[in-house]
Amino acid sequence: MRIDVATLFPEMCEAVLSESILGRARKNGALTVQCWNIRDYTLDKHRRVDDVPYGGGRGMVMQADPIYRCYEAVQAEAGTQPHRIYLSPKGSVLTQQRALELAAMPHLFLLCGHYEGVDQRILDTIIDEEISIGDYVLTGGELPAMVLIDTVARMLPGVLPESLCFEDESHFNGLLEYPQYTRPAVWHGQEVPPVLLTGHHKNIAEWRLAQSLEVTKTHRPDLYDCYLDKK
Ligand code: 4FD
């Protein structure tokens with residue numbers, strides 16, 4: 001999969017994208033991510049990318065033209081038509097299901113906004129979908145873009161180590177994950193649940209499912225109801 005990120009802070013994005021599992025996925029070619037600095041596409045002699053809002057009010061608004069020219073550069077280089085996403089608190093909230101659908105797309109373009117947002121006309125012209133990562137406001141769309149890339153990338157073949165299968169885990173079957181334990185068997189007087197030490201795979205699977213149901217019921221009654229409805 002190819003992902004292009006249009007941002008005023010490409011270095012902030014690179015810092016996240018170069019580490020750990022995402023960094024390795026980029027090195028081994030499972031994922032191609034390129035960050036584009038919107039400021040490189042302004043025609044203004046002071047490299048301005050924002051201006052005051054028409055109609056007055058607080059803050060600054062990112063201008064349409066530098067974003068448009070940046071997007072044209074992405075198109076010229078990639079040669080494919082991306083699915084174009086704007087990260088914004090107004091978007092539909094990202095879910096595991098939507099991430100799975102995005103992971104099936106060959107090319108994504110992510111626009112990161114700042115200030116009080118971007119000129120509506122750029123959204124009307126080049127954006128297919130607005131996505132939010134949750135009901136809270138951040139200083140920019142970069143962290144949401146990194147969250148989206150992380151959750152999508154880990155579903156791509158060749159990104160997670162084989163031992164970590166995303167399809168087995170929490171949120172994939174609509175339930176939260178059961179508790180995990182590792183050595184030592186007793187720590188600060190607290191024992192590991194005995195069934196986990198038996199090697200009895202069927203009993204362990206049953207215990208884990210019961211724990212998942214219990215954790216989901218108490219922490220996320222909304223998910224629990226949804227799970228029961230689907231059964
Ligand atoms: N909840 C999110 C996305 C962006 C953001 C911004 C308009 C502010 C939170 C457009 C206003 C972008 C989210 C930047 N905060 N801040 O996904």
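How much space lies in the second largest pocket? About 430 Å³, a volume filled by probe spheres set on grid points joined across faces, edges and corners.

## Model

This is a predicted model: local features need pLDDT of at least 70, side-chain atom pairs count only at pLDDT 80 or more, and totals for chains, interfaces and linings use all residues. Residues are numbered from 1 along each chain as its sequence is written, and side-chain values use heavy atoms, with hydrogens and water left out.

## Pocket

A pocket is an open set of points on a 1 Å grid over the protein atoms alone, where a 1.4 Å probe fits, with protein on both sides within 12 Å along at least five of seven lines. Lining residues have an atom within 4 Å of a point.

The second largest pocket has 26 lining residues; Y86, L87, S88, P89 and G117 lie nearest its centre. Strand 5 gives the most to this lining, with 5 residues. The lining divides into 12 nonpolar, 10 polar and 4 charged residues.

## Ligand

The ligand takes the space of the second largest pocket (more than half of its atoms lie within 2 Å of the grid points). Around the ligand are 15 residues (a heavy atom within 4 Å); Y86, I133, G134, Y136 and L138 come nearest. This shell has 8 nonpolar, 7 polar and no charged residues. Strand 5 (residues 83-93) gives the most to the shell, with 4 residues.

## Backbone contacts

A ligand nitrogen atom is 2.9 Å from a polar backbone atom of G134. For Y136, the distance from a ligand nitrogen to a polar backbone atom is 3.1 Å. For L138, it is 2.9 Å.

Methods. Polar contact = N/O pair within 3.5 Å; in protein donor to acceptor, adjacent residues only side chain to side chain. Helix = DSSP H or I, 4+ residues; strand = E, 2+ residues; numbered from the N terminus. Nonpolar A, V, L, I, M, F, W, Y, C, P; charged D, E, K, R; others polar.
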